[in-house]
Amino acid sequence: MAESKIVRINDIIEQVTSYFPEADLGLISRAYVFSAKVHQGQTRMSGEPYLNHPLSVARILADLNLDVYTVATGLLHDTVEDTCATLEEIQELFGDEVAFLVDGVTKISKITSDRKQDTHADNFRKMILAMSKDIRVLLVKLADRMHNMRTLEYMPVEKQERTARNTLDIYAPLAGRLGLYLVKRELEDLSLRYVHPEMYCDIKDKLMRTSEQRERYVNEVIGIIESRLAQSGIKAGISGRNKHLFSIYSKMQTQNLNFSQIYDLTAFRIIVNDRPECYEVLGIIHALWKPIPGRFKDYISLPKANMYQSLHTSVIGPYGQRIEIQIRTGEMDRVARHGIAAHWKYKEGSTVAQKHDQRFTWLQNILESQKEMSDSREFLDAFRVEVFPDEVFAFTPAGKVVELPKGATPIDFAYSIHTDIGNRCVGARVNNGIVPLRYEIRSGDVVEILTQSGHHPSRDWLKIVKTSRARTKIRNWIRQQELERSIVLGREIGEKEFRKHKLNFSRMLKDGELTEKMGSGSFKDADDLLAAIGQGRIGIRQVINKCMPDEAEGAAAEPETSKRAQKILARNNTLGVVVQGMDDMLVRFGKCCTPIHGDPIKGFITRGRGVTIHARECTFLTSADPERIIDAQWDDRARHVAVVPLEVICEDKKGLLASITSSIASAETNIINASVRTTPDKKAVSVFNVEINSVAMLDAVIGEIRKIRGVLTVSRLRH
């Protein structure tokens, strides 16, 4: 595994020259001198000069064969954030392109800071948006993360694990999605070292102990393949390598295996001259050793989204050992090793833009989706769906290839073609046969979407779709329908209540008088105000009071619904619940689950009745509209007293009921009512409705009851 070492500027220049002889090396030299000057005197946690970090980042970028602007950015990426240098200086000394890249990296540099989840998600969203403008921003960030991971041992233990998990969650899959598999593997192995250090050391130690044995086996297999290919007149480069530590760890976890049960620790790569030879070699390998069913993948005919191409097969090799073999051409191997950088094209003074390249259709999908997402955490979830695909390739009737994640349905397929087709989808024909919308598309399927005018998405679709694009489009449609219904409801409430006070609601709304009286900036427009009324975010009484003449304001008859709302609102300060992003909302508790202080809770936005608080595991929430479920938490400054039913099953003995009621009283709580019944097997089943203000109090009551001899079980009932 790569370790941090001192990098010289000459090493970087030599590497750039090797793949781009006409490069403007002066730009790199000037960037080095400037970086050395502004970072002078700075050191890293390891004690080494800070300059070694930008040098190492630049060397990683050069090893990826990137252009001089990106390499120069590697040298300068921390100057604006960590030194007295300004972006204007960078622009003046190194030009617009380098300044743009440095600015992009600077803006996303705090993504790994220890912040709240929603802030982290928002920062991540900004990073993806910056990446969409120029993919090189992310490449510099990946190189920066790689060197930081190589030197992570010098950071505090808490930050080591946090950074490693963040790397596994975001950066490693991103590197894989860009085809940077060498970067991905190193990031995964380095992360494993800090996330599961004992497992990391154990796997590494066992690999070391068996290295000589595996090396002999690799040489034997290579010799057999070379001999067989030579007989067919095929010249090929053959190599064998150990699987990286994280892939071994993942296989052990997913298949519940120990190290001794992992047989395919070594993978072989065969590099040939052209595409026909790839298939010819595949036939030779399958004739030589028995292939393992279901383990063959043809990424040459159907490349991955990042343009990775190769034939993958697994066979039973010598001595019954499973071995994995990859077959590809030299150009395919270059792409496999360098990913996006293998496609980089140079011309004097600039790099060819690739914003709309087909390699980034997945990125374009999530960027399109993010425009319709108000929640950054939703965007982060959508991104995870896109960067962890197990691809299947389906076809339109016209032969167009559509890439989808494993498990995708015809609905996902429809939305990948066009939003309108997805919205009007009523069914699908796969391989000329009608299939249900839950059908999971398989590679090679020919899918024809059946549509119907006037049809619209169903909320149930959210339970079966796999792509972020489909999920976003469906949610957007549902959200729009909910908004329209809220506007209609708000108008009905407004007209009804305003008539009671001889006020013309429609005229005041149309003239803009209502939104003006509610306060400048409170609502975007009339529809926004109507939606707020319909959703219960603002009481109609509050609107009426703003519109009544001052002398009549207090005398206005209060609508019955408003009276009830005010009573609930008056109780809010004592309910002990804080609803995220909802100030002065009506809050009540769901009778279906009776949450008490300490239970994990969620809020559900009702139509015109504020927010209902439910226990997080309440069955109501599992079938409720996810768009109306919001975060909520208990406020320790106030305690809500709830009536909680407790079921006690005990032996049917004289005096036992009195003992139970006495123990409940000793826990300093009240019994509201109780019911008792006996069973044929001589047991008594009692239900006590008791006043409880917290989970701790509930545990205390249950604990007291359980102490009584003859009590068999005590449990909290939920409706």
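Which residues form a positive surface patch? In this predicted model, where local features need pLDDT of at least 70, side-chain atom pairs count only at pLDDT 80 or more, and totals for chains, interfaces and linings use all residues, the patch is made up of Arg 295, Lys 297, Arg 322 and Lys 406. Residues are numbered from 1 along each chain as its sequence is written, and side-chain values use heavy atoms, with hydrogens and water left out.

A patch takes residues with over 30% relative accessible area and no salt bridge, like charges being joined within 9 Å; a salt bridge here is a side-chain nitrogen of Lys or Arg within 4 Å of a carboxyl oxygen of Asp or Glu. Arg 295 sits in the loop between strand 3 (290-291) and strand 4 (297-298), with strands being DSSP runs (E) of at least two residues and helices runs (H or I) of at least four. Arg 295 comes out as partly exposed because its relative accessibility is 32%; buried means under 20%, exposed over 50%, and partly exposed in between, using a 1.4 Å probe and protein chains only.

Two other loop residues have a positive phi without being glycine. Tyr 319, at about 65°, lies between strand 5 (311-316) and strand 6 (322-329), and is exposed at 64%. Asn 432, at about 70°, belongs to the loop between strand 11 (425-430) and strand 12 (433-435) and is exposed at 72%.

Cys 618 is another loop residue, between strand 17 (611-615) and helix 28 (619-623), but this one is buried, at 5%. Setting aside neighbours within four places in sequence, Cys 618 is in contact (heavy atoms within 4.5 Å) with Cys 592 and Cys 593.

Methods
Patches are made of residues with over 30% relative accessible area and no salt bridge: like charges are joined within 9 Å, nonpolar side chains (Val, Leu, Ile, Met, Phe, Trp, Tyr) within 5 Å. Accessible areas come from the Shrake-Rupley method with a 1.4 Å probe; for residues, only the protein chains shown count as cover. Lys and Arg count as positive and Asp and Glu as negative; His and the chain ends are not counted. The place of a charge is taken as NZ of Lys, CZ of Arg, CG of Asp or CD of Glu.
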